[in-house]
Amino acid sequence: MTRYDKDQRVPVTLTVNGREYRRWIEPRLLLSDFIRDELGLTGTHVGCEHGVCGACTILLNGTPVRSCLKLAIDVGNGHITTIEGLVKDDEFDALRQAFSENHALQCGFCTPGIVVSVWDALKHASDSDLVDWEDVLSGHLCRCTGYVGIRQAIKALQAKEGGEAKA
Amino acid sequence: MAWIGQSIPRFEDGRLINGHGQYIADLTPVPGIQHVAILRSPHAHARIRRIDTSRVGTVAGVTGVITGRDLLAVLAPFPVGVPRPVTYYPMAIDRVRYVGEPVAVVVANSRYVAEDALDVIEVDYEALPVVSDIEAACQRPPVALHENVPDNVANHREFTYGDPKSALHHADVLIRERFVYPRNTAVPIETYGVIAHYEQSTDDYTVWANFHGPFTLHSVMAHALKVSTQKLRIKTPQDIGGSYGVKSAVYPYMVLLAATSRLLGCSVKWIEDRLEHMKASSSASARISYVTAGFSRDGRFQALDIKQYDDVGAYIRAPEPATLYRVHGNLTGAYDVRHVHLENYAVMTNRVPTGLVRGYGGPQLYFPLERMMDIAARQLNMDPAELRRANFIKRDQFPYRTASGGIYDSGDYTAVLDTALQASGYEAFRETTRNLQDSGPMRLGIGLAAVVEPSGSNMGYVTIAYTPEERARQLPKSGAVSAATVAIDALGGITVQIDSAPEGQGHVTVVRQIVADVLTVPMESIRVIAEMDTAITPWTISSGSYSSRFAAAGANAVFSAAQKVKTKLLALAAQQLGLDNKTLRFEEGRVWGVQGATDLTVKRLAGLTHWNPAGLPAGISPGVYETSYFSLPNVDPPTAEDLINSSATYGFLVDVAKVAVNTETGKITVLDYVTVHDAGRLLNPLLADGQIYGGLAFGLGSALYEELRYDEEGQLLTGSLMDYLVPTASEIPESLTVLHHHTRAPGIPLGAKGLGEGNVMSAGAAIANAVSDALGVEICSLPLSPRAVTESVMKKGGRG
């Protein structure tokens, strides 16, 4: 195990949304705070800092993780995609449209985290292995929508891709 | 094209989905901001013997520290609307009264460093006895929490309407029951956040916060800061990450940060963490209600007597004790009952002070009232739906003045009930369960609740906490007002400023619909500014987002301001064309006369007022910048007889819940849920349904899972989201039906009533009624956790 002094700064290199960032940081800096405060990517939200609400969900090396439960130095050399990275993808328009048409958000605070998880689930879904909305949303809390619009948006997206979401 | 009434997806969405929302934590509105961490009391009740902050300065990066006593130099206690106010500051001074109460504030160059410095502060506490039980707190007070209130009762009032004593005496059937509504809270996913800047040279404060009103609290804050009100400028961020009422109670922290900025001479920022939020933000009031209801043998509801004890926490804090009074005008719900006796106690305990949480005062009233209707139905051997129908206010009785002074403006309660019964297949389900043999642990039940949903609070209702004699010595308070400005610039760009400080409701979209309709212009030409700035936004004390007031108040302020613009531009058009303005109208952004379209457009007319004001006729002022203060009707101060119309308008809803209860595990499954609403005209049905789904999820959470639980020492047991359970997607039934009736609000131009809180008021009762039906046990407390259910089953087994 590596030991660090209390006031030591440690170099970290991370690729975020396709761009490489090098920073000297405190070893205790949370990944969520690194993304927000060091990089200024404020689309990743912090709601509970104990891994329950899911608002801080990002993709780390292609897998959804809660950025509030990781230290930035622990994911050195990793590839991260935040909401700001997803929106650059041409296919994101369909997701944005489905969320809006189905009124899948109100205050929008939980939304980027949910969108990251839904995006990942849709990427990995196929005709034989459909998106299980219950599974995707189990790691997210939303207090505005009662999840009804979010469920509908996922189903709409799945239907568009030629299948029917597991309901 | 009429946009009002259409399901328009929200203009807000793209920005929020893309992660481009601007919430308080994202903002750096002034340079040199330092970060705040707050040391909090580990005791529910203790004397502070000594606070040693001497080592804080040894932590690299710390700017300074302040404790409660430092605040005395710059703050006055918060005012509160009760005859016996207690001394309440945003930080403890010599004595702590709830776990999590602020004790010291550290300011540093980062939140991490500020939290480090909390560790080197030493506080010597002398623990005191803890007051936790609401009734015991006032009946056998073990200790007084505040010297001037020896019985811990911050407010006590008694009301008599009609002749309840005689009516109860002559009733054939009396129902008496004790109900307990728990402490629960809103849990927005974004916590509180505040940024404060004190300008020493001019002695004024600017505070950014995810505060959404009521802006009456602006004067409360200014009073605490000992400045005249123009010296406190409050700004809200573009986006607020949900509130459901609870962020109105961020205001003590706004004052705390403002004072900190002044005392330490730097701008400061504080973002609350989740544990702080659960412990020390705010919560709904817990309530114990004793209900006595008198019925005739044929089911006529004759009289109601309620004694209610609210747990308002360690300090009675504005706008409390309003939980007790927000529904005062609709105390008798949907029923025609003329004899009412009510006794209210606001009791202080060693828990976090209470405040607004979605439904505010509604669930605490309707859980007992609607449960009591089912208990009565069973005793009278009537169907619960039919007992309700028999006692509903009838369609031809509107406007209906309730015994306590509410003026129900419109409705058709029977029709809504019929729709709900039909949509849920009520009769068929009853028939099925009647014929079911008890086999195995599963039981089926069905339950309903009928709720009159108030919206657009009358600012005068809070003063009913005072007796008529006390009120007579004060200036009267009343009203439900909202303001809006519609402006058109020199090239026809339209900007609308609103005063509702929304946190997800979609006001920007609805405002565009309204203004586009009035001026017949594309929605794309309209920009809506929803951020509040008390220095420049037209606002009033009742501005803000609370009491479901946007559809009734805010939307009509916008409508009225847009009408003013239209009137002005048509007057100018009449002069230009040499025609009578009564013959002119707008269509597709162009002026039309009886002969058809003219050359004049909204853009051109507005341009004239900017580019060539010298050419304007008498009576037409330069520029287009029209502000309206819209006042809802029928919201007078309380009368000497204690009659109060506590809200401007009243919608209605009926819920029908079907449940399966496992008597062995205590698990409740909601099989099907039907909710039928009558909120008048819907301005945007897509958004209206979204509010209902969200409100219902809240209601189901409070019915089944949510409770802030404390141990006997006053320690919070549910400080994380793993302990305080809010519904996830899996807990929301898939079989969910929302239907609407559309009885317009007659006194309101757009005809819309508020909605979004109703199901928080109804779901607890509907679910508890269904579970009571399933188990044959009368459920009298919430939430219906598995343990609560199995205990009820065992209690019944023990009796049988």
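Predicted model: local features only at pLDDT ≥ 70, side-chain atom pairs only at ≥ 80, totals over all residues.
## Exercises on a two-chain model

Residues are numbered from 1 along each chain as its sequence is written, chains are lettered from A in the order in which they are written, and side-chain values use heavy atoms, with hydrogens and water left out.

**Exercise 1. Describe how domain 2 and domain 3 of chain B meet.**

Step 1: look at the contact (heavy atoms within 4.5 Å). Here 20 residues of domain 2 of chain B touch 18 residues of domain 3 of chain B.

Step 2: get the buried area, meaning the accessible area (1.4 Å probe) that two parts lose on being put together, summed over both. For this pair that's about 1400 Å², with 67% from carbon and sulfur atoms. On the domain 2 side of chain B, B:M459, B:L683 and B:L750 lose the most area, together 33% of what that side buries.

Step 3: check for salt bridges (a side-chain nitrogen of Lys or Arg within 4 Å of a carboxyl oxygen of Asp or Glu). Between domain 2 and domain 3 of chain B, the count is zero.

**Exercise 2. Now do the two domains of chain A.**

Step 1: pick out the parts. They are domain 1 (10-85) and domain 2 (89-160) of chain A, and their C-alpha centres are separated by 22 Å.

Step 2: find the contact. Each side gives 16 residues: 16 from domain 1 of chain A and 16 from domain 2 of chain A.

Step 3: Domain 1 and domain 2 of chain A bury about 1100 Å² between them, 65% of it on carbon and sulfur atoms. In domain 1 of chain A, the residues that lose the most area to domain 2 are A:H45, A:T57 and A:I83, together 38% of what that side buries.

**Exercise 3. How many salt bridges cross the interface of chain A and chain B?**

Step 1: locate the interface. It takes 47 residues from chain A and 50 residues from chain B, and the two chains bury about 4100 Å² between them, 58% of it on carbon and sulfur atoms.

Step 2: apply the rule. It finds four salt bridges across the interface of chain A and chain B.

Step 3: take a look at a salt bridge between B:E734 and A:K155, where the closest N and O atoms are 3.2 Å apart.

**Exercise 4. Which prolines of chain B follow a cis peptide bond, and where are they?**

Step 1: take B:A318 and B:P319, joined by a cis peptide bond with omega about 5 degrees. B:P319 sits in the loop between β14 (301-313) and β15 (339-348) of chain B; strands are DSSP runs (E, at least two residues) and helices are runs of H or I, at least four residues, numbered from the N terminus.

Step 2: go on to B:F398 and B:P399, also joined by a cis peptide bond, with omega about -5 degrees. B:P399 belongs to the loop between α10 (384-391) and β16 (400-401) of chain B.

Note on methods
Domains from an automatic or database assignment.
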